[in-house]
Amino acid sequence: MASPIEIGSGDRLFVLTGAGVSAESGLPTFRDSNGLWNGYRVEEVATPEAWIEDAEKVWRFYSMRRRDALNCEPNPAHYALAELERNVGERLFLCTQNVDPLHERAGSKRLFHMHGELFRSRCEAECGRPEFVDDGIYETAAAIPRCECGARIRPHIVWFGEIPLEMDRIYAELDRCTMLAVVGSSGTVYPAAGFVEWARRSGARTIYIGPERPLNAVMFSEVVLGKAGEVLPGLFRVSKTQ
Ligand code: BV8
Ligand code: ZN
């Protein structure tokens, strides 16, 4: 059992989660499916080029992901992070690379999806229409919805080669955190994989939690090896002196 991590009244926590936090809920990770997701190569389908070339294939991929996400439940790791938020409130910033809604379903509120969200869509032409909640399943070109402006509706997802959302806010939170915990991320994809270096530079304590050492393991002051659903419950001990 990992020794508990004390959270003092002056601590500000930045938690970054990756696909590993949803693994015990039954959602495949990118690595474990070695980039193959039910036959799709993620780098080939999660890109603006794929969208231009074959929007129908992209929507089939995300429709499958929507189905997968509807058929699974949050696991103890998601619940532990929602509990942590109840204990430390606005001193926690939970940033996820995941597009699934499991953190929300476990009760997390102070949550940000830096790579977008599976159940939101937007206009491909950025005509000004804001992104919107959408749980549609679109598996043919004819089924792809149109915006009032005539352009096609696309997933509100950050693809490879696109800029993650609200990076300024993320870097501001990294600057002021005293502790960065990364849960279930292989450290393959940037800029998320570089957050640990950013946090170290501002003097934060950096902890990795997952069953295997990530590619950027050397950047962490501590590595807690284990499954998130087993390690996270009880890992953080919030000091009562507020
Ligand atoms: C950007 C949404 C500039 C999509 C995602 C060449 C050409 C073009 C770009 C690049 C290039 N070379 C590098 C780049 C940059 C590129 C990149 O990093 N590519 C990689 C492949 C090298 N990055 C980008 O394009 C990003 N944009 O760089 O813009 C910029 C930068 C900064 C500032 C301004 C501008 C955009 C990247 C976003 C892509 N979209 N998601 C979708 O979901 O369909 S990324 C997607 O893959 C995920 O969101 C996540 O970020 C990433 C997968 O990583 P992980 O979450 O870590 O998952 P993984 O499977 O890898 O690891 C799982 C881990 O869990 C493992 O370590 C495992 O041990 C662990 N685990 C398993 N079980 C458990 C567990 N842990 C705990 N408990 C368990 N039970
Ligand atoms: Zn439009």
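Which residues of α4 are buried? Keep that in mind as you look through these close-ups of a predicted model.

**View 1. Helix α4 and what its buried residues pack against.** Helix α4 runs over residues 76-88, so that's 13 residues by the DSSP run. From first C-alpha to last it reaches 18 Å, close to the 18 Å expected at 1.5 Å a residue. And the buried ones? They are Ala 77, His 78, Ala 80, Leu 81, Ala 82, Leu 84, Glu 85 and Val 88. These residues pack against strands β1 (5-7), β2, β5 (92-96) and β13 (236-238), along with helices α5 (102-105) and α8 (228-231).

**View 2. The two ends of α4.** At the start of the helix, check out Asn 75: one of its side-chain oxygens comes to within 2.7 Å of the backbone nitrogen of Ala 77. After the helix comes Gly 89, with a positive phi near 60 degrees.

View 3. Among the residues it touches are Asn 75 and His 78, plus Leu 27 and Asp 100.

**View 4. The zinc ion (ligand 2) and its four cysteines.** The SG atoms of Cys 123, Cys 127, Cys 147 and Cys 149 lie 2.2 to 2.4 Å from the zinc ion. The site is tetrahedral, with angles of 103 to 118 degrees among the four donor atoms. Along the sequence, the donors follow the spacing C-x3-C-x19-C-x1-C. Cys 127 and Cys 147 are 20 residues apart and link distant parts of the chain. Cys 127 is partly exposed at 41% relative accessible area, while Cys 147 is buried at 5%.

Technical notes. Residues numbered from 1 in each chain as written. Chains lettered and ligands numbered in written order. Predicted model: local features only at pLDDT ≥ 70, side-chain atom pairs only at ≥ 80, totals over all residues. Heavy atoms only, no water. Donors = N, O, S within 2.8 Å, 3.2 Å for Na, K, Ca; no water. Tetrahedral: all angles 85-135°; square planar, octahedral: opposite > 155°, others 65-115°. Helix = DSSP H or I, 4+ residues; strand = E, 2+ residues; numbered from the N terminus. Buried < 20%, exposed > 50% of the residue type's maximum accessible area, 1.4 Å probe, protein only. Contact = heavy atoms within 4.5 Å. Expected span 1.5 Å × (residues − 1). Polar contact = N/O pair within 3.5 Å; in protein donor to acceptor, adjacent residues only side chain to side chain. Lists of a residue's contacts leave out its neighbours within four places in sequence.
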